[in-house]
Amino acid sequence: MTTGDTQRVRFLLIGAGNVGRRFLDLVESKGVTLRERLGLDLALVGVADSSGIAVNPDGLPISEIIALKNEGRSVAEHSQWGERTGSALEMVRTQDADLLLEASPANMDDGQPALGCIEAALSAGMHVVTANKAPLVLAFPRLTELARAKGVQLRYDATVTGGLPAVNLGQRDLAAAKIDRLEGVLNLTTNYILTRMAQDGLRYDQALSDAQAAGHAETDPTLDVEGWDAANKLVILANSVLGFPATLDDVDVTGITGVSDEMLEAATADGMRVKLVATAEADGDGYSLSVCPRRLAADHPLAQLGPKQMGIVYHTDISGSISAAIVEETPVPTASAVLRDVVEIYSGARRV
């Protein structure tokens, strides 16, 4: 709906945890910028968390939803608009909205319920922005074909390196280039652990404990430390940027649990750094994909990353080698990547 120079965008949000709640914070704090500079009025008409939903076709009071989540309560507890019996999928199927934002926890087994919600939204003609990588890893071709068939956009820049525009950089800025090699430190947990071990002399268990205390590692860090989170992200980059229809079965994965203090000390003595690197190397008509600990020269862009950083390097035929990195201490940059995708969908041509 457009009023004057402002377009009202009715959006649904699934997942009101770290990323979803901070996205709502940004909608509130950046409201004037969104309206006056970008011509966007974002109206939350439905939100779902693990305990229920809250819906109002005329728009929910975002500040009240944020307050509920800050108090550790469910959106279903909203006194006027909360529904404990409602589900995210039911909300998507029944509410009239322009856009779905998916920020629920990733279920790497079958992608549900996020996968079903994204499919329902695309089928209903909604644009979709997701920070949840599971549906893309498990069903990238199906989802992108559905979006094309329905004439809507599916965006997912927040799924790979948080606030770092790794996908957008590859898709947009390198659109005319051939990418010969892609290298990325795509997982913050493992980079934190390896960097603290190498720089501060911590043992693996100490570095992991520090990462968990700082909020940079899950209580169960298996997917991170065994390399599977980075592999998931590499699959998304392969499909979206490289045009290579990869699955997890195509990635050779080795985690960091076998990296010893002695290996790190030897690398440092040789002027090298050890990082968990996701690599896509051109190989015939496709790419060879791997995630493994690698010794990098100290002047390599990825070797210079600090413990709270992620980064990516694209090696191309016509654009040289382009690297980008981010310091991500909180989920705010990831939430900002979701907002960036929303802006790209609705007002890319109006940016100043």
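User: Which side chain of opposite charge is nearest to E102, and how far away is it?

Analyst: This is a predicted model, in which local features need pLDDT of at least 70, side-chain atom pairs count only at pLDDT 80 or more, and totals for chains, interfaces and linings use all residues. Residues are numbered from 1 along each chain as its sequence is written, and side-chain values use heavy atoms, with hydrogens and water left out. Lys and Arg count as positive, Asp and Glu as negative, while His and the chain ends are not counted. For E102 the nearest side chain of opposite charge is K133, 11 Å away. E102 is buried and has no salt bridge. Buried means under 20% relative accessible area, exposed over 50%, and partly exposed in between, with a 1.4 Å probe and protein chains only. A salt bridge is a side-chain nitrogen of Lys or Arg within 4 Å of a carboxyl oxygen of Asp or Glu.

User: Where is E102 found, and what does E102 touch?

Analyst: E102 is in strand β6, residues 99-102. Helices (H or I, at least four residues) and strands (E, at least two) are DSSP runs, numbered from the N terminus. Contact means heavy atoms within 4.5 Å. Leaving aside residues up to four places away in sequence, E102 touches I14, A114, I118, V129, T130, A131 and N132.

User: Which residues line the largest cavity?

Analyst: On a 1 Å grid over the protein atoms alone, a cavity is a set of points where a 1.4 Å probe fits but cannot get out; lining residues have an atom within 4 Å of a point. Grid points are joined across faces, edges and corners, and a volume is the space filled by probe spheres set on the points. Here the count comes to one cavity of 30 Å³ or more, and about 30 Å³ of space lies in the largest cavity. Its lining consists of L13, V19, G20, F23, L101, E102, A103 and V338. The largest share, three residues, comes from α1; α1 (18-29) and β6 each supply at least two.

User: How many residues of α12 are buried, and what span should the helix have?

Analyst: The expected span of a helix is 1.5 Å times one less than its number of residues. For the 13 residues of α12 this gives 18 Å, and the end C-alpha atoms are 18 Å apart, which agrees. Twelve of the 13 residues are buried, among them D229 and K233. Helix α12 (228-240) is also one of the elements against which the buried residues of α8 pack. Those buried residues of α8 (166-173) are A166, V167, N168, L169 and G170.

User: What does the salt bridge between K308 and E329 tie together?

Analyst: The closest N and O atoms of K308 and E329 are 3.1 Å apart. K308 lies in the loop between β12 (286-297) and β13, and E329 in the loop between β14 and α14, so the pair ties together parts that are 21 residues apart in sequence. K308 is partly exposed at 30%, and E329 is partly exposed at 48%.

Key: On a 1 Å grid over the protein atoms alone, a cavity is a set of points where a 1.4 Å probe fits but cannot get out, and a pocket is an open set with protein on both sides within 12 Å along at least five of seven lines; lining residues have an atom within 4 Å of a point.
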